[in-house]
Amino acid sequence: MDHMTPPNGLPFLKMHGAGNDFVVIDSRGRGAVTTPALARALGDRNRGVGFDQLAEIRDGAAGTDFTLDFWNSDGSRAGACGNATRCVSDLVMRGLGQDAITLTTARGTLSARRLPDGRVSVNMGAPQLDWQSVPLSHAVDPLHLPLPGDPVAVGMGNPHCVLFVADAEAVDVAGLGQRFEHDPLFPQHTNVEFASLIGPDHLRMRVWERGTGITLACGSGACATAVAAHLRGLTGRQVTLDLDGGVLQVDWRDDGVWLTGPVAHVFDGWLTPDFLAAHP
Ligand SMILES: N[C@H](CCC[C@H](N)C(=O)O)C(=O)O
């Protein structure tokens, strides 16, 4: 067999949204294939494909067009992923010849649409602002957590800990991120965002993701940060966020938090039977 012939393996796609990168496996019409071991192996940037999140597409539930499951590169599950939702929605919309779609995630039913300029928006739903649903481990004010730096906790279907700092560029994102990720106040651990106000309704944000580490962008993190910024009186409800990998827009409307940004489909490939057999 020459090297360009598709082997008898498992097809996948590689996509990214503002540099937040994904392996996408399309399991519509069959059972789910992802296991924690496969997610970890695939997420290895040297021995696998490498990704920030793995998104598995499954048949639509509750009358929606498709269902999405998310995994982190350490093999853990993520309840929400805004950028992968935008990327996969674009893919499925193209397949169906549509520019609007509904999907099911662990969060429930979400809707997405493609804008005339090619960017994709998703309604990530209402933010979770009470301590039980973030979740936090006990009753504290999520708007002022009893932690260094006076962070805000926001749930977007996954937990976020948002710190407003004078200069996000100067923050030790890995060092502090790991510390907050595993703070006992977050029983399911947390994603951690560091943000500074750089203009009216304009934030610079850097992120440490639960289960993955530093990423170039985080959509649910951008939503949580914009919500926190508005609740703290720093911005209005429409916010532009400059992330390491690009620009995301958040609009907190009455019907939910809308996230808008670029999507890219980079390549398709096949996982070899040998790779799959080694990581059941
Ligand atoms: N990058 C994703 C979020 C991943 C969150 C994940 N790290 C978790 O465990 O919650 C996004 O665009 O929303």
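Predicted model: local features only at pLDDT ≥ 70, side-chain atom pairs only at ≥ 80, totals over all residues.
Is Ile101 buried or exposed, judged by the other C-beta atoms within 10 Å? Ile101 is buried, because 23 other C-beta atoms lie within 10 Å.

Good morning. Residues are numbered from 1 along each chain as its sequence is written.

On confidence, pLDDT is the predictor's own score for each residue, from 0 to 100. The chain averages a pLDDT of 96, and 98% of the residues score at least 70. The model has an ipTM of 0.99 and a pTM of 0.97.

Let me turn to the overall layout. The chain is divided into domain 1 (10-123 + 263-278) and domain 2 (152-261), with bounds that come from an automatic or database domain assignment. Taken over C-alpha atoms, the centres of domain 1 and domain 2 are separated by 22 Å. Their contact takes 23 residues from domain 1 and 26 residues from domain 2, where two residues are in contact if their C-beta atoms, placed from the backbone, lie within 7 Å. On the side of domain 1 that touches domain 2, α2 and β8 (120-123) each supply at least two residues. Helices (H or I, at least four residues) and strands (E, at least two) are DSSP runs, numbered from the N terminus. That side of domain 1 divides into six nonpolar, 12 polar and five charged residues. In this classification Ala, Val, Leu, Ile, Met, Phe, Trp, Tyr, Cys and Pro count as nonpolar, Asp, Glu, Lys and Arg as charged, and the others, Gly among them, as polar.

Of the 19 residues around the ligand, Ala78, Asn83, Asn158, Gly219 and Ser220 come nearest; a residue is near a molecule if its C-beta atom, placed from the backbone, lies within 6 Å of it. Helices α2 (82-96) and α4 (219-231) each supply at least two residues of this shell. By class, the shell divides into four nonpolar, 12 polar and three charged residues.

Next, Gly79, which is found in the loop between β5 (77-78) and α2. Gly79 is partly exposed, because 16 other C-beta atoms lie within 10 Å. Leaving aside neighbours within four places in sequence, Gly79 is in contact with Ala106, Arg107, Gly157 and Asn158.

The largest nonpolar core has 75 residues, of which Ala55, Ala222, Cys223 and Val250 touch the most other members. Such a core is a set of buried Ala, Val, Leu, Ile, Met, Phe, Trp, Tyr and Cys residues joined through C-beta atoms within 7 Å. The largest share of this core, seven residues, comes from α4, and the core draws at least three residues from each of domain 1 and domain 2. Beyond four places in sequence, the contacts of Val250 include Ala222, Cys223, Ala226 and Trp258.

I return now to Ile101, in strand β6 (residues 100-105). Not counting residues up to four places away in sequence, Ile101 touches Asp65, Ser89, Val92, Met93 and Ala112. Ile101 and Arg113 are 12 residues apart in sequence, and their C-alpha atoms are 6.3 Å apart.

Finally, some backbone geometry. Most residues other than glycine have a negative phi, and most peptide bonds are trans. The peptide bond from Val134 to Pro135 is cis, with omega near -5 degrees, and Pro135 is found in the loop between β8 and β9 (152-155). Asp150, in the loop between β8 and β9, has a positive phi of about 55 degrees although it is not a glycine. Asp150 counts as exposed, because it has 12 C-beta neighbours inside 10 Å. Ala18, in the loop between β1 (10-17) and β2 (20-26), has a positive phi near 55 degrees. Ala18 counts as buried, because it has 25 C-beta neighbours inside 10 Å.

Note on methods. Buried ≥ 20, exposed ≤ 12 C-beta atoms within 10 Å, placed from the backbone.
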